[in-house]
Amino acid sequence: RRHNREQVIDFCQSLRAIRPEVSFGADIIAGFPTESDEMFENTRMLISQAQIQYLHVFPYSERDGTPAARMPQVPPAVRKKRAAILRAEGKKELLKFFEHNIAII
């Protein structure tokens with residue numbers, strides 16, 4: 001939460017320069033209140049740009065009494081669809097990671 005996308009990409013690239021076999025994981029909330037289509041697309045692209053292989057993706061769910069529950073909500077069906085798209089992106093990156101490392105062996 002305290003890092004921007006460039007920092008994430010740079011961090012992953014710098015570690016891969018030292019240890020090419022390293023893999024990365026991330027927890028991602030899909031459909032957090034006020035998430036626009038553009039914000040979602042930025043998240044989707046970050047997965048491939050940073051080559052993040054292991055994802056824990058879940059759709060946002062409201063919790064009564066929290067500040068986020070009072071914010072404009074993304075419809076539940078959109079949250080679910082976005083979560084599925086992000087999981088698919090993660091699977092693509094994981095397969096690329098496996099194929100690359102099998103080729104090295």
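**Talking through the model**

Author: E89 is a buried residue, with a relative accessible area of 9%, where buried means under 20%, exposed over 50% and partly exposed in between (1.4 Å probe, protein chains only). Please keep in mind that this is a predicted model, in which local features need pLDDT of at least 70, side-chain atom pairs count only at pLDDT 80 or more, and totals for chains, interfaces and linings use all residues. Residues are numbered from 1 along each chain as its sequence is written, and side-chain values use heavy atoms, with hydrogens and water left out.

Reader: Where is E89 found, and what does E89 touch?

Author: E89 is found in helix α3, helices (H or I, at least four residues) and strands (E, at least two) being DSSP runs numbered from the N terminus. Not counting residues up to four places away in sequence, E89 touches R44 and I47, a contact being heavy atoms within 4.5 Å.

Reader: And what is I47 in contact with?

Author: Leaving aside neighbours within four places in sequence, I47 is in contact with I28, I52, L55, L86, E89, G90 and E93. I47 also belongs to the largest nonpolar core, whose seven residues are I28, A30, F40, I47, V57, A83 and L86; such a core is a set of buried Ala, Val, Leu, Ile, Met, Phe, Trp, Tyr and Cys residues joined through side-chain atoms within 4.5 Å.

Reader: Which elements give two or more residues to this core?

Author: Those elements are β1, α2 and α3. There is also a second, separate core of six residues, which includes F24, L46, A50 and I52.

Reader: Switching topic, how many aromatic pairs are there?

Author: The count comes to three aromatic pairs, the rule being that rings of Phe, Tyr and Trp (its six-membered ring) pair if their centres lie within 6.5 Å, with planes under 30 degrees apart counted as stacked, over 60 as edge-to-face and the rest as tilted. One of them is F11 with F24, an edge-to-face pair at 6.1 Å centre to centre and 65 degrees between the planes. F11 lies in helix α1 (residues 5-18) and F24 in the loop between α1 and β1 (25-30), so the pair ties together parts that are 13 residues apart in sequence.

Reader: What else does F32 touch, and where does F32 lie?

Author: F32 lies in the loop between β1 and α2 and touches Y60, A68, M71 and V74, again not counting residues up to four places away in sequence. F32 is partly exposed, with a relative accessible area of 36%, whereas Y60 is buried at 9%.

Reader: Last topic: which residues line the second largest pocket?

Author: The lining is R16, P20, Q51, Q53, E93, K96, F97 and H100, and α3 gives the most to it, with four residues. On a 1 Å grid over the protein atoms alone, a pocket is an open set of points where a 1.4 Å probe fits, with protein on both sides within 12 Å along at least five of seven lines, and lining residues have an atom within 4 Å of a point.
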